[in-house]
Amino acid sequence: MTETVEEPGLVGVEAMPPCRFGNLTVIMTKFIENCFFRLGLLIGNHPWKTVIGALLLCAVCSSGMAFWLQITDDELLWTPYGSPFLEDKKWIEENFPKDMRYESVIIEGDNVLTPEHVQYLAKLNENVINATTEDKLHNYTDLCIRDLDAVSKEDCYQESILRLWNSDLNVIMKLSQDDILEAIDEALLDERSRVKTLLSGLAFDGSGHVLSAKGLMNVWILRENGTKEENQASIDEAAFDWETVFINIVVGEDVPSGLPNGSKMYGLAERSYNDEIDGVVNSNFLLFLVGFGFIFIYIAVVLGRWNCMEQRVLLALMGILVIGLSIFASFGLCFYMRIFFADMHPIIPFLLLGIGVDDMFVIVQSLENLTPKQKYLPVAQRIGLTMKHAGVSITVTSITDMAAFLIGSSSSMPILRTFCLFAAMGVLFLYIFASTFFVACLALDEGRIDARKPCGCCSRPKRSDWTPNKVSQIEIGKLVFEKGITKYLFKLPVQILVIIIVLTAFGAGVYGITQMKLDYNSIWYMRKNSYQVGFYDATARLFPDNGERVQVYIGQIKYWVHLESLLKVKDTLDGNSYIREGSIQYWFDTFYHDFCVPNEESVDVFAEFEGFHKDDVHLNCSTEMGFKKSFLLFLDENRNFYQDLKFNVTLEDEDPSNLWNTGAFEITASRANFQHSELQNTTIQNVAMDQVKNEMSAVQFGGDDFSTPIVYGFMYIQWEANKSIVSELIRNLVLTFATIVVVTLFLVANIRVSLFVLICVVFTVANVCGFAHFMGLTIEIVTSLILILSCGLALDYAAHIGVAYLCSKGQTRKEKAKEAAVSMGTAVFHGGFSTFTAFVLLAFSDSYIFTTFFKMFSMVVTFGLFHGIVFLSVLLSLFGPVFNIDEGSEPVFSAVSPDSPSKLKLRTSQSQNDNSDSVPIETQVVEKF
């Protein structure tokens with residue numbers, strides 16, 4: 001029996017049991033329950049003040065939205081903190097800022113080397129060349145990369161078979177089949193021709209002559225003239241506008257007619273990737289709004305009863321408002337803390353929508369679980385008792401959810417770190433507003449019901465003899481659990497069957513985990529029916545060797561000293577099996593072999609260079625002047641390599657004779673370009689990347705400040721990030737499990753129940769991860785995030801049952817387990833099903849991100865509910881602790897008689913005039929507030 005301590009101003013508050021280790025559960029639980037009782041009592045006495053205070057808190061935090069901070073530079077977002085890529089990126093931006101934009105078309109057919117196909121491509125080319133922006137300020141020739149080898153320096157450079165006929169439409173329109181095949185044959189024999197890289201599915205006759213090709217690619221190249229602000233992606237408005245017109249020409253409404261029957265055309269602009277990623281989020285925003293609607297309807301249906309008095313439509317609306325308040329407050333607070341927003345963050349509202357209503361169901365269910373006597377208490381005391389029982393559960397789950405995201409925020413990837421911080425703040429505000437704003441709204445709604453008002457303060461009260469219909473008083477959820485599930489669940493054969501099912505599913509999950517692969521493809525994040533995916537699929541099908549573009553950068557060194565090292569760059573890349581054959585473009589290789597040891601035939605070519613003498617034929621490239629003279633000769637004949645070289649002076653503005661005689665220029669930076677072949681998965685990508693980087697690090701420029709080449713490709717950043725996903729995922733899961741142990745031990749304060757809850761969480765996470773493999777998913781950013789979140793959700797489902805078990809007054813394990821399942825099972829189910837409802841529409845999305853969310857959350861809800869309600873109940877009924885926290889402390893109530901003709905909770909004059917000595921002990925605390 002617990003005592004009642006008489007203290008001044010605090011009459012009748014329960015004393016804590018003696019501080020013995022055996023009573024730790026009682027001590028902790030009673031202390032926390034008393035804290036939440038006082039909070040509920042305070043809110044119940046001052047609901048409007050609480051509502052206003054919560055709204056003011058939201059307003060203050062939301063004002064941080066005025067300091068919106070968004071980073072759009074994908075390289076910064078995906079580059080792990082401390083990565084050498086950051087220093088490399090800085091050097092590249094200073095010496096070789098992005099200078100080209102690629103606009104591509106693929107034509108596919110049975111044979112694209114026919115006059116009809118080539119002539120169609122020529123017409124398309126004319127349309128592209130003549131394309132202008134909508135404001136008529138920029139056309140293709142204004143924006144393109146110049147072809148410095150062309151007769152006219154105003155000609156634009158493009159990678160196209162049309163160059164075989166100088167892109168002359170009149171000539172091309174007269175070509176025969178034989179003319180085309182003959183020109184292709186000649187181009188394929190030229191080692192420097194890129195025609196081979198533009199054709200796929202080549203077929204040859206017995207003599208080695210070309211017969212046909214299945215695919216044809218054409219690439220137009222624009223200059224990148226974008227302006228770049230700190231931490232933002234480069235923006236070239238003129239190119240963006242022109243690319244909009246280009247997209248319309250190649251895949252939109254302005255596609256030229258005449259494409260041969262049976263052929264298909266695919267197009268892609270430089271901006272297309274980012275356009276589609278943005279489009280994925282925007283196109284699914286409607287699903288987000290409809291999800292809000294579904295949640296509202298579901299809450300409105302299950303929170304109240306089916307009569308005009310006890311319906312809780314307005315309360316359901318306030319529950320939805322809690323999610324909105326949490327989103328705005330969390331985002332604003334993050335911006336106050338200068339945490340940046342990124343492309344992946346729009347998913348956060350979906351997450352908060354899915355997990356945001358669980359606490360509300362628990363709170364309302366705790367109110368419904370009050371005893372008949374307690375339901376006739378004044379509103380403030382009812383709310384206090386409600387929070388007394390619900391507070392521990394929602395605190396355990398909220399702390400763990402927030403801790404899971406805070407642990408995730410230790411990621412080395414900036415985009416993942418900030419995503420988790422935003423989500424953690426969202427969970428924090430969900431907890432705050434659910435515990436204050438929603439509870440205050442619940443108190444107001446209880447007052448409405450007590451006043452017999454159907455809709456609100458302005459509606460006319462019902463007559464005093466009005467009673468609700470009998471159907472509305474049936475608690476279907478409790479009935480299902482009491483008369484259905486628990487009636488059979490605690491029979492030994494059923495318990496054995498449950499354990500077998502759980503262990504079998506766990507075994508299958510573990511097997512799936514062992515088969516789970518680390519794999520990522522940025523194309524997955526696009527909609528399957530988008531023109532971008534169509535182009536990428538065609539590229540993979542027709543040009544499987546066309547992989548990611550990569551650059552090798554070399555800084556300011558004494559090039560004439562490091563001839564062998566510079567040659568080693570090309571030789572090493574040639575020997576790399578992960579690099580597409582013929583894709584290497586390296587100025588130094590051409591320079592060295594053609595100009596460092598020129599032959600007599602080159603004298604006539606060089607003689608026209610001002611200041612050249614016949615004696616210079618045998619220039620020695622190992623000396624500074626010999627190298628520079630040879631380089632000037634090379635550059636005069638290979639002007640297209642200008643884009644791969646940077647100088648300390650503008651060569652075009654200098655006197656050629658002076659440059660020749662004095663060598664008054666320096667190469668400050670240069671680069672080589674290549675493409676990877678198709679790399680099937682993340683593992684191969686990482687191997688290919690590491691091999692190139694290791695091979696280039698072996699190339700040394702001793703004695704110069706720039707000691708080794710820099711290897712850089714945009715996708716290398718994401719590949720590098722993917723390498724750390726598995727290790728970070730394992731670390732985060734371990735830390736999250738550790739957090740669950742600490743939080744449950746502290747708040748649940750029972751080792752055995754905490755252990756059972758942890759087992760349920762581990763089994764759920766194992767099942768979700770393992771069965772994700774069977775659904776065709778892999779370990780990548782999205783699945784990793786959901787796995788971390790699944791820990792918190794799984795704990796939600798299990799912790800509520802565990803806490804309800806400890807608070808149960810049953811005398812045996814089975815009685816306590818049954819009472820816990822009946823009292824809290826409905827709320828837990830509603831919480832899980834509401835999460836499923838929030839994501840169910842994503843099943844119809846054509847986006848990998850959102851369908852993955854649906855698959856993963858469906859498994860989290862299914863396994864989490866089964867383990868939390870069914871399996872945990874079985875464990876507790878067999879091995880749970882047996883004691884009664886409230887034993888001997890049941891207070892005496894004196895309020896409205898339970899025999900009142902109305903089953904509604906009415907505050908009568910009798911309850912208002914009761915002496916304080918006759919009300920329950922918790923009620924006395926009201927005077928303190």
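Which residue takes a positive phi just after helix 28?

Guide: This is a predicted model, in which local features need pLDDT of at least 70 and side-chain atom pairs count only at pLDDT 80 or more, while totals for chains, interfaces and linings use all residues. Residues are numbered from 1 along each chain as its sequence is written, and side-chain values use heavy atoms, with hydrogens and water left out.

The residue is A749, whose phi is about 60°. Helix 28 itself covers residues 725–747 (helices are DSSP runs of H or I with at least four residues, numbered from the N terminus). Its 23 residues reach 32 Å from first C-alpha to last, close to the 33 Å expected at 1.5 Å a residue, where the expected span is 1.5 Å times one less than the number of residues. Among its buried residues are I725, L729, L733, F737 and I740, together with E728 and N732 (buried means under 20% relative accessible area with a 1.4 Å probe, protein chains only).

Turning to the aromatic side chains, a search of the whole structure finds 53 aromatic pairs, counted when the ring centres of Phe, Tyr or Trp (its six-membered ring) lie within 6.5 Å. F595 and F634 form one that is edge-to-face, at 5.8 Å centre to centre and 75° between the planes, where edge-to-face requires over 60 degrees. Because F595 lies in helix 22 and F634 in helix 24, the pair ties together parts that are 39 residues apart in sequence. Both F595 and F634 are buried. Elsewhere, R549 lies over the face of Y102, at 4.0 Å from the ring centre, a placement that requires CZ of Arg (or NZ of Lys) within 6 Å of that centre and within 35 degrees of the ring normal.

Definitions and conventions. Phe/Tyr/Trp six-rings, centres within 6.5 Å; stacked < 30°, edge-to-face > 60°. Helix = DSSP H or I, 4+ residues; strand = E, 2+ residues; numbered from the N terminus. Buried < 20%, exposed > 50% of the residue type's maximum accessible area, 1.4 Å probe, protein only.
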